[in-house]
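Here is a short briefing on one protein model.

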Amino acid sequence: MTINIMNELIPLRRYVNPDNSCLFSSIGYLMECNNFNEMTGYKYRMMIAEYLLNTKLDDTILDRPQSEYLELIQDITKWGGAPELRIFSDMFKVKIGSFDILSDRVDIFGETKDYNKIIYVMYTGSHYDPLVMNFSNNGLSDTDITKFDYEDFNILLSFREYVKKFKDECDDLSSLKNFKCEICSEEFENQEYLLVHAQNKGHWKFKQI
């Protein structure tokens, strides 16, 4: 039996590095946030490559021949998108809800499959971030809840309202700033300074403030 504690939970967006592997980092965070680090994006990119070495998919899913896709997916300069979300859904037997801020749409990958759990990401048009629940706006990532019962529509609605509010309050999504390192509590005015800090200090857990 699932106990509904929705009234106590707060939806949050966790920040991942704004590089070409942000989708892979986001999925990695949601699957194992306590082990998240600077290599997570690369690790999850390689997971797809390894999965496809033993799994034949329809070329229409990959938008290209599988052999060509295998080369591209290992290139760290290539972005991830819908095909990768679909593959991750099948790999981990979990549905994935992707909120597209620009279109106000949520796409559910694995929707027709008999997967009981769901994870959520937010897409700004050029960047993916993981969506989580916590008991506090200032809650550390160690206490994040990342996986939810698919039939818990209160979670879906809460994330939808959060994403809508986020869009309404930030018309220029490229101007996002003000981050705090969860390791040392240092604050940053923009993502560029944050990335320098992460690379220099090895601190890769941040939240937007």
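Are Tyr120 and Phe159 buried or exposed? Both Tyr120 and Phe159 are buried; buried means under 20% relative accessible area, exposed over 50%, and partly exposed in between, with a 1.4 Å probe and protein chains only. This is a predicted model, where local features need pLDDT of at least 70, side-chain atom pairs count only at pLDDT 80 or more, and totals for chains, interfaces and linings use all residues. Residues are numbered from 1 along each chain as its sequence is written, and side-chain values use heavy atoms, without hydrogens or water.

**Helix packing**

- Helix α1 (residues 22-31) packs on helix α2 (residues 40-53) at about 95 degrees, with the axes 7 Å apart.
- That angle makes α1 roughly perpendicular to α2. The classes are: under 35 degrees roughly parallel, over 145 roughly antiparallel, 65 to 115 roughly perpendicular, the rest oblique.
- Axes are lines fitted to C-alpha atoms, for helices over the stretch in contact, and angles run from 0 to 180 degrees between N-to-C directions.
- Helices (H or I, at least four residues) and strands (E, at least two) are DSSP runs, numbered from the N terminus.
- On the α1 side, the contact (heavy atoms within 4.5 Å) uses Phe24, Ser25, Ile27, Gly28, Tyr29 and Met31.
- On the α2 side, Thr40, Gly41, Tyr44, Arg45 and Ile48 take part.

**Aromatic rings**

- The whole structure holds 10 aromatic pairs. Rings of Phe, Tyr and Trp (its six-membered ring) pair if their centres lie within 6.5 Å; planes under 30 degrees apart are stacked, over 60 edge-to-face, the rest tilted.
- Tyr29 and Phe36 pair edge-to-face, at 5.3 Å centre to centre and 75 degrees between the planes.
- Tyr29 is buried at 4% relative accessibility, and Phe36 is buried at 10%.
- Tyr120 and Phe159 have ring centres 5.0 Å apart and planes at 50 degrees, so this pair is tilted.
- Tyr120 lies in strand β4 (residues 117-123) and Phe159 in helix α6 (residues 153-169), so the pair links parts of the chain 39 residues apart.
- Phe24, Tyr44, Phe88 and Phe92 are linked into a cluster by ring pairs.
- The charged end of Lys95 sits over the ring of Tyr150, 4.5 Å from its centre. The test is NZ of Lys or CZ of Arg within 6 Å of the ring centre and within 35 degrees of the ring normal.

**Helix α5**

- Eight of the 11 residues of α5 (residues 82-92) are buried, so the rest of the structure largely encloses this helix.
- Among the buried residues are Glu84, Phe88 and Asp90.
- Lys93 follows α5 and has a positive phi, near 55 degrees.
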